[in-house]
Every structure is written in structure tokens, then in C-alpha cells.
Amino acid sequence: MVVSVIELLPKYYGLVVIVLVLYCFLNFYMGFQVGKARKTYNVPYPTLYASQSENEHAKIFNCVQRGHQNSLETMPIFFMLVILGGLKHPLISAALGLLHTVARYFYFTGYATGEPENRLQSKGLHLLALLGLMVCTVSLAWTLLIQPAIP
């Protein structure tokens with residue numbers, strides 16, 4: 001009997017997939033905002049960050065850029081945790097993934113105001129969500145380690 005991978009995934013794993021796609025849309029949004037800020041504040045490619053001495057709008061551009069860059073830095077960790085944690089706890093992982101995504105939106109929009117302190121308006125909920133996803137992933141690991149060997 002041939003079983004497809006989809007049949008092996010837990011019920012509601014589709015919610016995990018939807019959350020990942022939502023985060024991709026958030027990433028596109030942030031990238032577009034950086035592109036818009038490049039035009040508005042005259043920061044040409046390939047310059048990653050603007051220099052205060054060369055651009056009077058460097059701080060606000062750098063805040064927009066940094067908000068996106070920080071999200072890119074944590075994205076692989078987030079994706080790995082939500083994908084793996086969702087194999088055992090799909091509803092919890094999807095909910096935590098959605099919390100992380102929404103908190104990341106507010107982190108970015110706060111940062112993009114040009115006042116770095118405003119990135120904290122989400123109160124670190126994205127980090128709390130990542131911690132919860134770590135617990136889900138460790139739970140999966142534990143389950144895999146204690147299951148009996150297949151002869």
C-alpha cells in the first residue's frame with residue numbers, strides 16, 4: 001500500500017502551512033517598504049545602510065531597513081520551529097506562528113517610524129511565540145527519542 005506524505009501529516013497541519021504563507025506575505029510587505037524608503041530617502045542599491053554624514057534621512061531609512069533585516073535574521077529559525085513543532089502540535093504551532101507573525105508586523109511598523117524604541121510596542125511577543133515553538137519542537141524530539149525501534 002502506497003501512502004502519500006500528505007496522509008501522514010497530522011490533522012490541521014494545513015494551518016501551519018497557511019501561517020508560513022502569511023509570514024511570506026509579511027516579508028514581501030517589509031521588502032516593499034524598504035524599497036519605498038530607498039526612493040523616498042535617496043538610498044541607492046547596493047547600499048545596505050545609509051550614512052548619517054551623507055544622508056540627513058539616514059536614521060529613518062536605517063530603521064526601516066533594520067526592521068526588515070531583523071525579521072530576515074530570525075525567519076529561518078521561525079520556519080524550522082513552526083514546521084517541526086507543527087508535526088506534533090499543529091494547532092498550538094499555528095497559533096504561536098500567527099502570534100509571531102502579527103508581533104513581527106508591529107515590531108517592523110514600530111521600527112519603521114524612525115524611533116528604534118517603537119519596535120518594542122509588541123512587548124516581545126514574537127520572542128514568547130518562538131519560545132513556545134521551541135517547546136513544541138522539543139516535545140516532538142522527545143516523542144521521537146522515546147518511541148520503540150521498528151524491527
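Colleague: Which residues does Asn-42 touch, leaving aside those up to four places away in sequence?

Modeller: Asn-42 touches Ala-37 and Asn-55. A contact means heavy atoms within 4.5 Å. This is a predicted model: local features need pLDDT of at least 70, side-chain atom pairs count only at pLDDT 80 or more, and totals for chains, interfaces and linings use all residues. Residues are numbered from 1 along each chain as its sequence is written, and side-chain values use heavy atoms, with hydrogens and water left out.

Colleague: Why does Asn-42 count as exposed?

Modeller: Its relative accessibility is 63%. Exposed means over 50%, buried under 20% and partly exposed in between, with a 1.4 Å probe and protein chains only. So Asn-42 counts as exposed. Asn-42 sits in the loop between α2 and α3. Just after α2, Asn-42 takes a positive phi of about 55 degrees.

Colleague: What makes Gln-121 partly exposed?

Modeller: Its relative accessibility is 43%, so Gln-121 falls in the partly exposed class. Gln-121 lies in the loop between α4 and α5. Leaving aside residues up to four places away in sequence, Gln-121 touches Phe-106, Thr-109 and Gly-110.

Colleague: How do you know that the length of α5 agrees with its residue count?

Modeller: A helix is a DSSP run of H or I, at least four residues, numbered from the N terminus. The expected span is 1.5 Å times one less than the number of residues. For the 22 residues of α5 that gives 32 Å, and the end C-alpha atoms are 32 Å apart, so the two agree.

Colleague: How close is the reach of α2 to the expected value?

Modeller: Helix α2 covers residues 13–40, which is 28 residues. From first C-alpha to last it reaches 41 Å, close to the expected 40 Å. The buried residues of α2 pack against α3 (58–88) and α4 (90–111). Among these buried residues are Tyr-13, Asn-27 and Arg-38.

Colleague: Why are α2 and α4 called roughly parallel?

Modeller: Their axes come within 8 Å and cross at roughly 10 degrees. Axes are lines fitted to C-alpha atoms, for helices over the stretch in contact, and angles run from 0 to 180 degrees between N-to-C directions. Angles under 35 degrees count as roughly parallel. Therefore α2 and α4 are roughly parallel to each other. The contact includes Val-19, Leu-22 and Met-30 of α2, and Ala-94, Thr-101 and Phe-108 of α4. Its residues divide into 15 nonpolar, six polar and one charged.

Colleague: What makes Thr-101 buried?

Modeller: Thr-101 has a relative accessible area of 8%, so it is buried. Thr-101 is part of helix α4. Leaving aside residues up to four places away in sequence, its contacts are Val-19, Leu-22, Tyr-23, Leu-26 and Phe-78.

Colleague: Which residues have the most contacts inside the largest nonpolar core?

Modeller: Val-16, Phe-61, Phe-78, Val-82 and Leu-133 do, in a core of 25 residues. Such a core is a set of buried Ala, Val, Leu, Ile, Met, Phe, Trp, Tyr and Cys residues joined through side-chain atoms within 4.5 Å. Helices α2, α3, α4 and α5 (125–146) each supply at least two residues of this core. The largest share, nine residues, comes from α2. Val-82 touches Val-16, Leu-20, Ser-93, Gly-97 and Leu-133, again leaving aside residues up to four places away in sequence.

Methods: Angles under 35 degrees count as roughly parallel, over 145 as roughly antiparallel, 65 to 115 as roughly perpendicular and the rest as oblique. Ala, Val, Leu, Ile, Met, Phe, Trp, Tyr, Cys and Pro count as nonpolar, Asp, Glu, Lys and Arg as charged, and the others, Gly among them, as polar.
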